[in-house]
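Here is a short tour of the model shown below. Keep the structure open beside the text as you read.

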Amino acid sequence: MSRKPDFKYILSQIHGAENLLNCYACGTCTAGCPVRALDERYNPRKIIRMVILGRTEILAGDEIWLCTSCYTCQERCPQDVKITDLIVALRNLAVAEGHLPPGIAMQSKFVAEFGRLYELSDFDNKKREKLGLPVLQISFKEVAQVFPEHSKSKDKETEK
Amino acid sequence: MNDRYALFLGCTIPARGRNYEMSARQVARRLDVEFVDIAEFCCCGFPVKSTFQKTALVLAGRNLALAEQRGLDICALCSACASSLAESAHQLNHNEELRNEINMELANFGLNYNGKTNVYHFTRILYEFVGLDKIKASITRELNGFRFAAHYGCHYLKPSEYFGRFDSPERPRSLDALIEATGAEAVQYQDKLQCCGGSVLAVDENLAFQMAGDKLSRLKQEGVDALISICPFCTVMYDDNQKKIESVIEKELGIPVLYLTQLFGLAMGLGGKELGLQMNKVKTRTLLERIESGEAIRSG
């Protein structure tokens with residue numbers, strides 16, 4: 001078990017996590033969470049507690065990747081903790097430390113490479129023309145340039 | 001009222017949701033909403049937010065800048081795009097320091113963003129700007145007697161602070177009201193606001209299918225004629241993946257999933273082909289036949 005007492009201060013500097021310290025652990029987030037209703041692994045209240053206690057192992061685990069970003073918790077939080085955004089901030093930190101599920105890594109890779117989540121070809125544009133739909137740009141060479149350097153070198157995957 | 005928008009398609013619609021695009025264009029034309037196409041639009045940034053949120057903001061800023069160049073606000077068909085672009089616009093339009101930082105990156109694309117673009121979901125435009133009266137006046141085939149279930153999904157209304165709270169995120173009415181404008185019943189059902197689970201599909205497929213399966217099972221009990229979607233990502237879950245979901249939850253479903261724009265098109269008297277109904281994965285033929293046979297009018 002690793003403890004890093006200033007973890008909460010580091011995190012609250014990241015966009016979305018600013019109100020983290022407002023949390024008084026009421027559990028409204030967990031009570032309304034649709035993922036929690038089906039899967040005990042995910043518990044937003046516990047994730048916030050772990051952050052406040054400096055338990056950085058949360059970054060290497062699966063839990064933070066189970067949020068569907070439905071924003072139910074964020075809408076309901078009486079303390080204005082942006083919980084969904086806080087999970088994004090945690091994921092960004094996790095990625096910077098090399099932890100991310102292969103499926104998520106793939107999404108970023110596709111967007112960097114194709115400018116979209118799915119590659120579109122000339123064939124797709126031909127199909128569009130046939131349906132009377134306008135042709136779309138299919139190559140975005142500059143998009144890869146706005147991804148951070150460390151994302152380009154290799155496909156980082158978690159050890160699991 | 002501004003009735004001219006840059007149409008934002010995003011990633012999923014050109015690849016897997018041409019039926020949404022076709023029907024949205026048909027409906028917009030009939031309601032005097034003009035779409036301007038910008039071929040250079042790229043991903044909205046949402047799929048990248050979890051890994052690099054600054055990059056996501058740059059991609060959003062790129063799209064906002066392209067619309068701004070043409071003096072247009074954005075109309076998004078996908079809820080994830082609407083939410084991601086609206087949140088980014090909110091950040092960039094009100095924070096000059098952040099905008100300057102992002103503009104340094106936008107120079108890669110030869111672009112600069114001045115913070116002028118607003119972002120709306122097409123469903124909001126229909127509800128708030130076009131209005132129910134005009135929609136009702138455009139309907140030539142009332143769908144009385146049909147029962148449809150609204151699926152709001154998550155990002156159409158949330159985070160509500162970026163959407164001006166035009167509808168309640170907890171007790172929304174807009175999509176129900178739009179369905180009712182066709183003469184059909186908007187079925188009230190438990191877990192109406194339940195998330196489709198699409199965002200965890202890449203991490204835990206079984207969990208995602210359980211989430212979508214819960215809602216579809218509930219709708220099976222309710223005996224609805226179709227689920228009405230306003231997001232291509234939700235449709236991928238409920239329509240494209242319905243067969244897989246049936247095998248995961250070991251239940252037969254067979255629930256048609258229509259885009260709101262397809263429903264409107266049918267109520268405006270358009271044919272299934274013009275609305276791309278043949279591209280829907282769960283067969284809609286029986287429903288279409290019932291609508292075309294005038295069953296709706298007779299029972300109403």
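How much space lies in the largest pocket? In this predicted model, that space is about 510 Å³. Its lining is made up of 25 residues, and those nearest the centre are N92(A), F52(B), Q53(B), K54(B) and T55(B). Elements that give two or more residues to this lining are α5 of chain A along with α4 (53-69), α5 (79-94) and α6 (96-106) of chain B. With six residues, α4(B) provides the largest share.

Now to the contact between the chains. Chain A brings 55 residues to it and chain B brings 57 residues. About 4800 Å² is buried between the two, with carbon and sulfur atoms giving 61% of that area. On the chain A side, E75(A), Y118(A) and V146(A) lose the most area to chain B, and together they make up 14% of what that side buries.

Polar links cross this interface too: there are 21 residue pairs in polar contact, both at pLDDT 80 or more. Two or more residues each come from α4 (72-76), α5 (83-96), α6 (102-114), α7 (122-130) and α8 (149-152) of chain A to the side that touches chain B. Of these, α5(A) gives the most, namely six residues.

The rule also finds four salt bridges across the interface. One of them joins K82(A) to E161(B), with the closest N and O atoms 3.0 Å apart.

Here is how the residues of the two regions divide by kind.

Notes. Residues numbered from 1 in each chain as written. Chains lettered and ligands numbered in written order. Predicted model: local features only at pLDDT ≥ 70, side-chain atom pairs only at ≥ 80, totals over all residues. Heavy atoms only, no water. Contact = heavy atoms within 4.5 Å. Buried area = accessible area lost by both parts, 1.4 Å probe. Salt bridge = Lys/Arg side-chain N within 4 Å of Asp/Glu carboxyl O. Polar contact = N/O pair within 3.5 Å; in protein donor to acceptor, adjacent residues only side chain to side chain. Helix = DSSP H or I, 4+ residues; strand = E, 2+ residues; numbered from the N terminus. 1 Å grid on protein atoms, 1.4 Å probe; cavity = no way out; pocket = protein on both sides within 12 Å on 5 of 7 lines; lining within 4 Å. Points joined across faces, edges and corners; volume = space filled by probe spheres on them.
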